[in-house]
Amino acid sequence: MSIRDSLSFAQKVLSSANISEAVIEAELIWMHVLNVSRHDLYLNNFPNVTDLNVKRVHEILSERLTGKPLAYVLGLWKAYDVDLIISPDVLIPRPESEILIERGIEICRSGVFGKSPVVVDVGTGSGSIAINLIRNVPNIQLFATDNSKRALEIAQQNFKRFGLYERITSLHGDLLEPIFVLPDLVIANLPYIPSRNIDWLQEEVRWEPREALDGGNDGLACFRKIAVESKSKLNNCRGVFLLEMDPPQIEDVVSMFRTEHPKVEFDVIRDLRGLERVLEITIGM
Ligand SMILES: C[S@@+](CC[C@H](N)C(=O)[O-])C[C@H]1O[C@@H](n2cnc3c(N)ncnc32)[C@H](O)[C@@H]1O
């Protein structure tokens, strides 16, 4: 079978199961099985794929048709610049969280916190934010926390995968509680979905760990806590928080931080769909 036929076969199987991104998923499956980039998939003159390749694709397709998200089936998923180990113990990294990475890189490079800022990735999950950050700004002192031991184990596997295990201090615990150095920059993609909405999410999202999604009664539980922590946990009482959230939550989170700090400024960063997605909170500066 040619690669073109193989791709279109996978795509048809996925489409017939109503998988919306069938074309992209078929490509990702073949890229994974042949271990090639998208560019090579289309432009390289491939010899016909082997029976073993086809068998592996069939196995992946039948697991995918159970409803399990492709990231968990493949066990590897692209987050910003890197392919990370992913399991159902961690959230599948989302494109909108790349705003946190890009803005984090800009702040660290700006020099506003000196040459070696202390940065915390709170709720690191797979480690996607921490890894992409330190690969782009290697001079930072980086901490990654999560209150899920199983998530932290996946993050540590990813830190090792990129030779960063010694460079990122990973700590188990609640929000900023385990941090023993006062940070300049706190980056967090914490759970922000109200508990009652979890059961109504798309079926695939329900494969993801509940503790990565469930933000308590109103979705704001983690923000409420971290706003209080921001009072005692910042270097010289000054610093920046970058928090991902749902657009309607911004107003509430702004008022939580206003209550805690006499001098605080806010900026909102929109995602690729134009939605207000990240709140940048500058404290005491
Ligand atoms: C939405 S996921 C984000 C994972 C990763 N940062 C990303 O962007 O892909 C939230 C993560 O925060 C962790 N988490 C939830 N509540 C927490 C808390 N109170 N303290 C620390 N981590 C928490 C979850 O275990 C999960 O790994």
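Colleague: Is helix α7 (residues 128–136) enclosed by the rest of the structure or exposed, and why?

Modeller: Start with the cut-offs. Buried means under 20% relative accessible area, exposed means over 50%, and partly exposed lies in between, using a 1.4 Å probe and protein chains only. Seven of the nine residues of α7 are buried, so this helix is largely enclosed by the rest of the structure. The buried ones are S128, I129, A130, I131, N132, L133 and I134.

Colleague: What should I know about the model and the numbering?

Modeller: It is a predicted model, in which local features need pLDDT of at least 70 and side-chain atom pairs count only at pLDDT 80 or more, while totals for chains, interfaces and linings use all residues. Residues are numbered from 1 along each chain as its sequence is written, and side-chain values use heavy atoms, leaving out hydrogens and water.

Colleague: How many helices and strands are there in the protein?

Modeller: Helices (H or I, at least four residues) and strands (E, at least two) are DSSP runs, numbered from the N terminus. The protein has eleven helices and nine strands. Its radius of gyration is 21 Å, close to the 19 Å that the globule rule gives for 285 residues, so it is as compact as a globular protein of that length. That radius is taken over C-alpha atoms, and the rule is 2.2 Å times the number of residues to the power 0.38. The C-alpha trace spans about 65 × 40 × 35 Å along its principal axes. Of the 285 residues, 51% are buried.

Colleague: Which residues does L100 contact, leaving aside its neighbours within four places in sequence?

Modeller: Contact means heavy atoms within 4.5 Å. L100 touches I129, I187, A188, N189, L242, L243, E244 and V278. L100 sits in helix α6 (residues 98–110). Its relative accessibility is 0%, so L100 counts as buried.

Colleague: And N197, for contrast?

Modeller: N197 belongs to helix α9 (residues 195–198). Its relative accessible area is 30%, which means partly exposed.

Colleague: How do I read a helix pair?

Modeller: Two packed helices are described by the angle between their axes and the distance between the axes. Axes are lines fitted to C-alpha atoms, for helices over the stretch in contact, and angles run from 0 to 180 degrees between N-to-C directions. Take helix α2 (residues 22–34) and helix α4 (residues 51–64): the angle is about 135° and the axes are 10 Å apart. That makes α2 oblique to α4. Angles under 35 degrees count as roughly parallel, over 145 as roughly antiparallel, 65 to 115 as roughly perpendicular and the rest as oblique.

Colleague: Which residues of α2 and α4 make the contact?

Modeller: From α2 come E25, I29, W30, H32, V33 and L34; from α4 come N53, V54, R56, V57, I60, L61 and R64. They divide into eight nonpolar, two polar and three charged. Ala, Val, Leu, Ile, Met, Phe, Trp, Tyr, Cys and Pro count as nonpolar, Asp, Glu, Lys and Arg as charged, and the others, Gly among them, as polar.

Colleague: At what angle do helix α10 (residues 221–229) and helix α11 (residues 250–260) pack?

Modeller: At about 25°, with axes 9 Å apart. That makes α10 roughly parallel to α11. F223, R224, I226, A227 and V228 in α10 meet V253, M256, F257 and E260 in α11. By class, this contact has seven nonpolar, no polar and two charged residues.
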